[in-house]
Amino acid sequence: MPYRAPVTDYQFLFRHVAGFDQIAGTEKFSEASDDVVDAILTEAGKMCEEVMSPLQRPGDLEPARLENGVVRTSPGYSEGWKAISEGGWIGMSGDPEYGGMGLPMTVTTAVNEMMSAACLSLQLAPLMSQGQIEAMEHHASDAIKELFLPKLMSGEWSGTMNLTEPQAGSDVGALSSKAVDNGDGSYSVTGQKIYISWGDNDFASNVCHLVLARLPDGVPGTKGISLFIVPKHLPDDNGEAGVANSLKVVSLEHKMGLHGSPTCVMQFDGAKGWLVGKEHGGMAAMFTMMNNARLGVGGQGVGVAEGAYQHALAYALERKQGKTPSGTIVDHADVRRMLMSMKADVFASRAILLNCAAAIDMQTATGDAEWAARAAFLTPIAKAFGTETGMRVAETGVQVHGGMGFIEETGAAQFYRDVRVTAIYEGTNGIQAMDLVARKMMDGGEAAAKLLDEIEDHAERARATVPELAGPVWEATETLREATEWLVAQGDLNERFAGAVPYLQAFARVLGGHYHLVAAMADPAGPREKLARFYINALLPEHAGLLAQAQNGSADVYGLTIDELVA
Ligand SMILES: Cc1cc2nc3c(=O)[nH]c(=O)nc-3n(C[C@H](O)[C@H](O)[C@H](O)COP(=O)(O)OP(=O)(O)OC[C@H]3O[C@@H](n4cnc5c(N)ncnc54)[C@H](O)[C@@H]3O)c2cc1C
């Protein structure tokens, strides 16, 4: 089934749920008027429907392959990259001084989500470039910016992110790649990186790797890591891709899904590179890229959820089985339950994603510390809940298809296989949840409390019109507040970590209830209110069970000894 870009949903969310008028009201984003944003979303949606969506299946059937050390991409991907580049979709939020459009992250997030729904494997390529662009804008010297940024934004060159090594996955600080100062402003980087997305391709004339490595005087752990930009081809005197650098793709991984995206083992043998940020300041620079990528990966989950929902709905509207008013399975109560859950969760996760992006924009535009705290707090939730929604909705999509969901031709299974990795990369969802309950609560729970206050204030106001919806949202928020206070009171972080994942899920459930309530208020008695009613009555109650788990502490988790686990 062809993908239909949900442009009207975005327009509604921008106007009523994500507070986009506030963003457009700032001097920094004053050009992002409704008309401009509508035109951008429509144009991007068209590209996703017409160019990217047809590439989804070919990428699965004919994966990227390694031929004589060069990656050959799936059929049509080269044209897809060209369309993404020429549309300006890579540098959407990039600095106009270097060829970007300077648009709010909220708009970029919407476009990225649509691209993910249309073809996740290919969308990962511009997402990597965007993360690299942002890291360099914030941390690279002017000379490096001038050399790399215009070409990355135009798509002439592409970008990658090289953190992971066999012994350094979640524990990035365990990396062993090394760098030495060449004494001429450049460095030589040596080491092996694994799982590098889009580590090579045959459509950009250069591939630029951001690589984490340790200088000889770098201390062990994350504090001793530095970040380098290491291109496949060294720029010549004119800044064009010149001679080959000392690096190569050793092999490609065979994966469960995401076959169109080459996942590379990379070898750097004294490859020439330049420092981005300060010596030993690599993690600070990398965090800029990772925060950007976390929001982007959350958007990948939401995008796949949208694609899987559309797919399942189309099947349900055609498949005849049993006696129903319409003659198709769409009228069976259980099928309706599945479709409503999918649609309601797509809305909730998209609303969280866009509100996180909006907080980033407000932080950028105003420099206000409260917006920064809000953005930092919402980022792990947007990443983990977005990707969990992607997995859950894609899995339900398989179920809606019955046996045909298990048969590859329908494409239902591909959504599930492709999206599975989004809960793993960019910091596993477990790591996101630990970040939420530890680092993001170092303020004693202040950022969380402010958000909960806002939700309760809104629910109080909504009581006058929709008390049956506002009441449960208010009560769920109170339960969440109690759980948050319990977490903050736990001095032993392991007590928090043991229930971090259910806590994050419960927080997302309550946020989803809030945003559904906001939507219901903007569309009284309309489809959005009806969807909100389903979410608040059927899905929001999950928060109670999740919060019970969140406050159970660590004793039961460690109840069995390792020997007893094995027995
Ligand atoms: C398809 C694909 C593409 C990727 N692309 C890139 C890329 O472009 N660049 C890049 O650098 N990397 C990339 N990665 C790597 C990815 O980011 C890592 O796989 C991920 O960070 C997890 O690391 P790991 O695989 O070593 O798992 P581990 O770190 O070994 O984790 C295994 C399990 O242990 C848990 N765990 C680990 N440490 C802790 C802890 N302290 N507390 C609690 N639980 C913990 C994890 O949550 C997980 O459940 C990619 C991976 C894949 C599969």
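1. In this note Ala, Val, Leu, Ile, Met, Phe, Trp, Tyr, Cys and Pro count as nonpolar, Asp, Glu, Lys and Arg as charged, and the others, Gly among them, as polar. The model is predicted: local features need pLDDT of at least 70 and side-chain atom pairs pLDDT 80 or more, while totals for chains, interfaces and linings use all residues. Residues are numbered from 1 along each chain as its sequence is written, and side-chain values use heavy atoms, with hydrogens and water left out.

2. The second largest pocket has a volume of about 980 Å³. A pocket here is an open set of points on a 1 Å grid over the protein atoms alone, with protein on both sides within 12 Å along at least five of seven lines; a cavity is a set where a 1.4 Å probe fits but cannot get out, and lining residues have an atom within 4 Å of a point. Points are joined across faces, edges and corners, and volume is the space filled by probe spheres set on them.

3. The lining of this second largest pocket has 39 residues, and those nearest its centre are Met105, Glu134, His138, Ile360 and Thr364. Two or more lining residues come from each of helix 6 (105-118), helix 7, helix 9, helix 10 (333-366) and helix 11 (369-400). Helices (H or I, at least four residues) and strands (E, at least two) are DSSP runs numbered from the N terminus. By class, the lining of the second largest pocket holds 14 nonpolar, 17 polar and eight charged residues.

4. The largest pocket has a volume of about 1,300 Å³. Its lining counts 46 residues, with Ile424, Tyr425, Glu426, Gly427 and Thr428 nearest the centre. Helix 7 (120-139), strand 5 (187-197), helix 9 (282-316), helix 13 (412-419) and helix 14 (429-437) each give two or more residues to that lining. Helix 9 provides the largest share, six residues. The lining of the largest pocket splits into 22 nonpolar, twelve polar and twelve charged residues.

5. Where does the ligand sit? The space it takes is the largest pocket, where sitting in a pocket requires more than half of the molecule's atoms to lie within 2 Å of the grid points. Strand 3 (157-162), strand 5 and helix 14 each give two or more residues to the shell around the ligand. Strand 5 gives the most to this shell, with three residues.

6. The ligand is surrounded by 18 residues, the closest being Met161, Thr164, Ser170, Tyr195 and Thr428; a residue qualifies if one of its heavy atoms lies within 4 Å. The shell is made up of nine nonpolar, seven polar and two charged residues.

7. For Leu163, a backbone N or O atom lies 2.8 Å from an oxygen atom of the ligand. The ligand on its own has 970 Å² of accessible area, of which the protein covers 62% (Shrake-Rupley method, 1.4 Å probe; for residues, only the protein chains shown count as cover).

8. There are three cavities of 30 Å³ or more. The largest cavity has a volume of about 40 Å³, and its lining consists of Gln11, Phe14, Arg15, Phe20, Asp34, Val37, Asp38 and Leu41. The lining of the largest cavity contains four nonpolar, one polar and three charged residues.

9. Asp38, one of the residues lining the largest cavity, is found in helix 3. Its side chain makes a polar contact with the side chain of Arg15 at 3.0 Å, and another with the side chain of Gln11 at 3.2 Å. A polar contact is a pair of N or O atoms within 3.5 Å; within protein, one must be able to donate a hydrogen and the other to accept it, and residues adjacent in sequence count only if both atoms are side-chain atoms.
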